[in-house]
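Me: I'm new to this one, so please pick a single part and give me a close look at it. Start with whatever I need to get my bearings, and keep it chatty.

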Amino acid sequence: MTDVTVLNKKEEFGRSTQEVLLNLGPQHPSTHGVLRLILEMEGEIVTRVDPFIGYLHRGTEKLAENFTYTQIFPLTDRLDYLCPPSNNLAFALAVEKLLGIEAPERAQYIRVLTVELARISGHLLIVGALPMDLGAMTTLLYTMREREMVMDLMEMICGARMHTSYCRVGGVREDLPEGFTERVSEFCRILPKRFADYERLIARNRIFLSRTKGVGVISAEDAIDLGLSGPNLRASGVDWDMRRDNPYEIYDRLDFNVIVRENGDCYDRWICRIDEMRESVRIIEQCVDAMPGGRFMIDMPTVAFPVDKNVLRCSMETHIQHFELSAFGFKVPAGEVYVSIEAPKGELGFYIISDGSEKPCRMKVRAPSFVNLQALLGRATNMNYLADVIAMLGSLDPVIAEVDK
Amino acid sequence: MGGPNLRERIEHRFGGRVRDGGLPHGMQTFLVDPDLVVELCQFFKDDPELRFDFLSDICGVDHYPEEDRLEVVYHLYSIAFKWRVRIKCRSGDPPKVPSVVGVWRTANWHERETYDMYGIVFEGHPDLRRIYMWDEFEGYPMRKDFPLRGYKDAYNPFGEERTAAAPSDTGGER
């Protein structure tokens, strides 16, 4: 529930105005989680926004200092829970860089495939949720239907629908199942038609347009100054995508476009995501076509879990290797590394300092949602009305679990 | 990324006041004293040949039990040149570092988070208060001497007993 506090009454030019402090959240359907906004209002006009975060703070970084590297994967799942594979990937890349290893080619393809599936899953939610915040319920039901297909694919790969923990240091947990290629190809065939449906349904809807076009405009300079990244930055006209500019894994072999829009308003941030999903579908198709054979896990007994279950059953040494990795983890050479990837929400970075032991000495998560949410702070944009704040918040697409870490 | 050219430029502009921290895993690192942080960041941002216009991240690091244990690490990125650079700044005791909010607005929440977790005070920050923990919370949870399960109180029966001089509580108070 929201409650209203009247701060003071001002007598100006014979007219009485009231400055009202409005508390939005932390339990409110349009705050996408437990986010609390304190809004200073003058009538219907919002003069200042102050987000209060931390209701979901779990101390991921502190916990990580006490976990072994393999144990941290489930923690990263819970950052941006709409797309765990990309969190897993960022962390795995950071540790692999410290170890000086690289995952086998097949694992890299599988990882990119899952990460792009996750991008579709994350974007589908916001593509449906922003219209829902603005009163158009239907789109969300459609996008959820498509999201279910992504969930089914993830379940097929690793058994989990949401918190996948599919990546491992040095590869992925298990190989792609039989029949997956056909399923994912079918998915890639269906999805673009559904995007056209969304656009027909909502992209030219007059109410939706008037609520989002020209609302919450962030200029390119402001966006960079505020540290926005991902679709939020590209919607403001800054052409920066780490998949192209600082390629990791096998992105440099793939052909995809970086979607850049000009206006930087809520509508552009929304439509930018639909177009990005189209590119993700293209990337997935290319991954499926070019998927090489070979190992899905690096051949390095000090780091990688034994993958052959038949050998595990009869070989004592393999058993010991499995036990030691599970119980004690593996040592990572001392050093520090910052690795960032283009997560669905923006730049997801992991800064890890290792002291040579099995646990990181410091792990810092550069969470994109945390930084993106700052665009609400103060008067960064041209939001005027309370209703614009809701559109702005929805279009920034923050995941509060990632904001609060 | 950056490479020798970047080192020369910094050497030329700042002389020995900014120390070279090497290239750990390919990222150029500079070590700087707190009083130079803002000037260095402004230079990185404005210099037409560097153009580190994007502040990726600010984070605190606790080197307990060393002297001057708290450190602030900045990660900068240049969207134009696709470079990254790292700046490290050891804060003294009590830990104080000037704020770079005047250089990048995005530093605001990063610095609040670092203050909240490590108790590093960013001088000149417009609104330095806790961001994740509640206002009445005592101590700085990410410091190495702060127990993982927190201190025992009415809400936290499984926490550690608070000793007479819990080191987390000293220093860094505003």
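Reply: First, a word you'll need: the bounds of a domain here come from an automatic or database domain assignment. Also keep in mind that this is a predicted model. With that in hand, chain A splits into domain 1, residues 4–52, and domain 2, residues 60–404. Their C-alpha centres are 34 Å apart. The two domains do meet: 14 residues of domain 1 of chain A are in contact with 17 residues of domain 2 of chain A. On the domain 1 side, strands S4 (33–34), S5 (36–42) and S6 (45–52) of chain A each bring at least two residues to the meeting. S6(A) has the largest share of that side, with five residues. Sorted by class, the domain 1 side holds eight nonpolar, four polar and two charged residues.

Chain B has 174 residues, of which 40% count as buried. Its C-alpha atoms fill a box of roughly 55 × 30 × 25 Å along the principal axes. You'll find three helices and seven strands in chain B, and walking along the sequence they come in the pattern α-β-β-α-β-β-β-β-α-β. Take the contacts in chain B between residues at least 6 apart in sequence: 52% of these link residues at least 24 apart.

Now for the sheet itself. Five strands of chain B form an open sheet in the order S1-S2-S5-S4-S3, and the pairing is mixed. At the edges sit S1 (19–20) and S3 of chain B, each of which pairs on one side only. Further in, S4(B) and S5(B), residues 83–90, run antiparallel and are joined by eight bridges.

Helix H2 of chain B, residues 37–46, touches S2 (28–32), S4 and S5 of chain B. The direction of H2(B) makes about 175 degrees with that of S5(B). Helix H3 of chain B packs on the sheet too, touching S3 and S4 of chain B, and its direction makes about 5 degrees with that of S3(B).

The loop between S3 and S4 (70–78) of chain B holds B:Pro65. The peptide bond leading from B:Tyr64 into B:Pro65 is cis, with omega near 5 degrees. As a rule, most peptide bonds are trans.

In all, 25 residues of chain B are in contact with 33 residues of chain A. Two elements of chain B, S3 (54–62) and H3 (107–118), each supply at least two residues of the side that touches chain A. S3(B) gives the most to that side, with six residues. By class, the chain B side has 15 nonpolar, five polar and five charged residues.

While we're looking across at chain A, a couple of backbone spots are worth a stop. A:Glu249 isn't a glycine, yet it has a positive phi of about 50 degrees. You'll see A:Glu249 in the loop between helices H10 (242–245) and H11 (266–290) of chain A. A:Glu249 counts as buried because 20 other C-beta atoms lie within 10 Å, and the cut-off for buried is 20 or more. A:Asp397 is another residue other than glycine with a positive phi, near 55 degrees. A:Asp397 lies in the loop between helices H15 (386–396) and H16 (400–404) of chain A, and it is buried, with 28 C-beta neighbours inside 10 Å.

One last stop in chain A is A:Met149, in helix H5, residues 138–158. A:Met149 is buried, having 20 other C-beta atoms within 10 Å. The C-alpha atoms of A:Met149 and A:Leu191 are separated by 9.6 Å, although the two residues are 42 apart along the chain.

Key. Residues are numbered from 1 along each chain as its sequence is written. Chains are lettered from A and ligands numbered from 1 in the order in which they are written. This is a predicted model: local features need pLDDT of at least 70, side-chain atom pairs count only at pLDDT 80 or more; totals for chains, interfaces and linings use all residues. Two residues are in contact if their C-beta atoms, placed from the backbone, lie within 7 Å. Helices (H or I, at least four residues) and strands (E, at least two) are DSSP runs, numbered from the N terminus. Ala, Val, Leu, Ile, Met, Phe, Trp, Tyr, Cys and Pro count as nonpolar, Asp, Glu, Lys and Arg as charged, and the others, Gly among them, as polar. A residue is buried if 20 or more other C-beta atoms lie within 10 Å of its own, exposed if 12 or fewer, and partly exposed in between; C-beta atoms are placed from the backbone. Two strands pair if DSSP finds at least two bridges between them. Axes are lines fitted to C-alpha atoms, for helices over the stretch in contact, and angles run from 0 to 180 degrees between N-to-C directions.
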